[in-house]
Amino acid sequence: MTSINEQLTKKFQEALVTSFGEDFQAIDPQVTTARDLRHGDYQANIALPLAKKLGKNPREIAQTIISNLAVDTICETPTIGGPGFINLKLKPNYLENKLKSLYQEQGLGIEKIPDSTQVIVDFSSPNIAKEMHVGHLRSTIIGDCIARTLEFLGYDVLRLNHVGDWGTQFGMLITYLKEVYPDALTQADALEIGDLVNFYKQAKKRFDEDTEFQQRAREAVVKLQSGEQESSQAWELLCDQSRREFQQIYDRLDVKLTERGESFYNPYLDDVITALDAEGILKKDQGAQCVFLEGFTNKSGDPLPLIVQKSDGGYNYATTDLAALRYRIKEDQAKRIIYVTDAGQSNHFAKVFQVANKANFLPDTVEVTHVPFGLVKGEDGKKLKTRSGETIKLKDLLNEAINYARKDLENRLQSEERKESEDFINNVAQTVGISAVKYADLSQNRSSDYIFSYDKMLALQGNTAPYMLYAYARIQSISREGNIDYENLGENIQIILKEDTEMELGKYLLQLSETIKEVEKTLLPNRLCDYLYELSKKFNRFYENCPVLKSEEPTKTSRLLLCDLTAKTLKLGLSLLGISVLERM
């Protein structure tokens with residue numbers, strides 16, 4: 001189903017051509033939802049930017065457009081506001097028919113893309129031999145939401161987990177474990193993952209302080225890179241153990257990923273250097289192979305290079321990312337590649353993308369986007385850490401959220417004198433706890449830092465997951481109370497919008513498609529959260545002012561349809577955020 005915005009945009013484009021000629025066919029008429037609903041439901045702002053081009057008063061231009069605007073089946077007579085805004089108020093019968101069609105269509109009438117397009121979303125990306133911590137939370141949750149949204153719209157999405165499974169860190173760890181715990185290099189799960197992390201920290205400290213150990217670690221890297229059997233076996237054991245630990249987190253978060261770590265691209269690194277050299281952009285600087293960039297300088301104003309091969313012949317993250325980009329374009333045939341990492345890597349990706357353009361790795365048909373996000377902070381405004389100053393493990397954070405949710409539920413059950421089974425309590429606590437963590441993150445503008453608070457994210461009021469889940473469960477309780485079977489409401493069902501709150505809810509239900517397409521374009525999940533929160537508030541106002549089960553027919557069935565349509569919209573929207581609904585709370 002074409003969205004209202006798309007319908008109105010097309011009508012305005014036709015009016016612009018009729019009014020001013022074919023040259024105006026490609027001009028965006030700037031149709032948006034109205035800022036002030038007292039003046040209408042939608043507005044078009046095109047008259048103002050056209051004033052200079054046409055040499056006319058914006059209100060005069062607006063009047064000309066209106067005289068050629070064929071929207072009488074959709075809107076009341078358009079009006080002009082302020083300096084030249086064209087205001088549009090939707091007709092009730094148009095809304096009623098649109099909502100009825102929406103109710104009868106699968107997928108709530110949201111149009112899918114006509115042809116499946118390959119998109120890669122690169123997200124999560126933990127490091128082998130380390131536990132996932134709160135720093136991986138945002139990448140994993142935001143990346144999953146973006147992938148879910150694009151998948152829903154019909155894109156062929158490859159969800160890649162670019163894990164850190166190569167490089168100097170393994171030379172350090174393997175060399176250290178040979179000394180202190182050699183069984184870990186020959187036996188699966190000889191160590192707990194927490195012990196492995198501690199050994200990694202000790203290996204790093206030794207590497208920084210001991211030049212002889214440093215040399216041995218570098219030699220171990222060479223052995224690993226050359227495929228030496230003992231080193232390769234040790235590496236595989238360490239990777240397998242970490243991979244299983246990661247999977248436990250992904251299962252709890254209901255996140256699916258295809259692992260393709262740094263090591264995957266190792267065979268393609270030499271080709272990157274060869275290709276850069278063939279393009280004539282590779283330069284030697286202090287023994288390292290570099291590409292000098294535009295717009296990046298040091299404090300002295302000298303150009304900064306991107307190093308692609310170190311003076312000792314080794315490669316780095318930039319080389320791997322260039323190899324990965326080439327592979328994703330050539331082999332995966334990706335047309336859009338999205339990297340979800342913290343904002344601290346923005347400069348890195350800007351440099352990699354510039355080099356890829358200079359080297360002609362990046363065709364005009366491929367779009368690459370870095371999706372940056374801010375820090376998770378504690379309630380003191382500082383980077384979220386344990387009391388001892390350690391980074392919080394992600395599994396501990398999730399466990400704590402579930403415990404909070406369980407305590408809150410048990411207190412509520414006691415105050416309401418309700419008895420529920422242990423299975424019910426466990427399921428609600430798990431769902432609410434995990435959902436609260438996800439929603440608290442996704443409801444923020446991803447480019448900003450945000451304050452992590454269990455109390456706020458688990459509140460039943462405000463823009464939180466529990467509020468959304470409760471709104472859905474409340475709607476489901478209406479059908480249970482009235483013993484309603486939505487599959488058998490009759491053939492000639494109608495939606496009737498008489499009351500203001502009915503009209504307000506109906507209009508907003510029709511904006512889901514526009515919201516999802518905005519997330520597709522901007523990659524900002526908080527736009528969807530804002531929509532769902534506003535929808536929940538509008539439903540509550542409708543429910544308070546419009547009796548449902550006690551109404552006479554045909555009003556009763558109409559209002560039941562609005563309830564069910566709201567529930568379906570909430571369920572779909574939350575699923576795109578990676579959140580499962582609850583029939584009862």
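The lining of the second largest cavity splits into 8 nonpolar and 2 charged residues, with no polar ones. That's one stop on a quick tour of this predicted model, which has 3 cavities of 30 Å³ or more.

**Second largest cavity**

- This cavity holds about 60 Å³ of space.
- Its two charged lining residues can be picked out of the list as Asp408 and Arg412.
- H13 has the largest share, with 4 residues.

**Largest cavity**

- Here the space comes to about 90 Å³.
- There are 14 lining residues, and the ones closest to the centre are Met1, Leu102, Leu108, Leu510 and Ser513.
- Two helices give two or more residues each to this lining: H4 (92–104) and H18 (512–522).
- By class, you'll find 8 nonpolar, 5 polar and 1 charged residues around the largest cavity.

**Second largest pocket**

- H18 turns up again here, giving the most to the pocket lining with 6 residues.
- The other elements that put in two or more residues are helix H1 (4–20), strand S1 (31–33), helix H17 (500–509) and helix H19 (526–545).
- Out of 32 lining residues, Thr32, Thr33, Tyr42, Gln511 and Glu514 are the closest to the pocket's centre.
- Charged residues number 14 in this lining, alongside 10 polar and 8 nonpolar.

**Where H6 meets H8**

- The crossing of H6 past H8 is right-handed.
- On the H6 side, the contact uses Thr168, Phe170, Gly171, Met172, Thr175, Tyr176 and Glu179.
- Facing them from H8 are Phe213, Arg216, Ala217, Ala220, Val221 and Leu224.
- Taken by class, this contact has 8 nonpolar, 3 polar and 2 charged residues.

Key:
Residues numbered from 1 in each chain as written. Predicted model: local features only at pLDDT ≥ 70, side-chain atom pairs only at ≥ 80, totals over all residues. Heavy atoms only, no water. 1 Å grid on protein atoms, 1.4 Å probe; cavity = no way out; pocket = protein on both sides within 12 Å on 5 of 7 lines; lining within 4 Å. Points joined across faces, edges and corners; volume = space filled by probe spheres on them. Left-handed = near helix turned anticlockwise from the far one by under 90°. Contact = heavy atoms within 4.5 Å.
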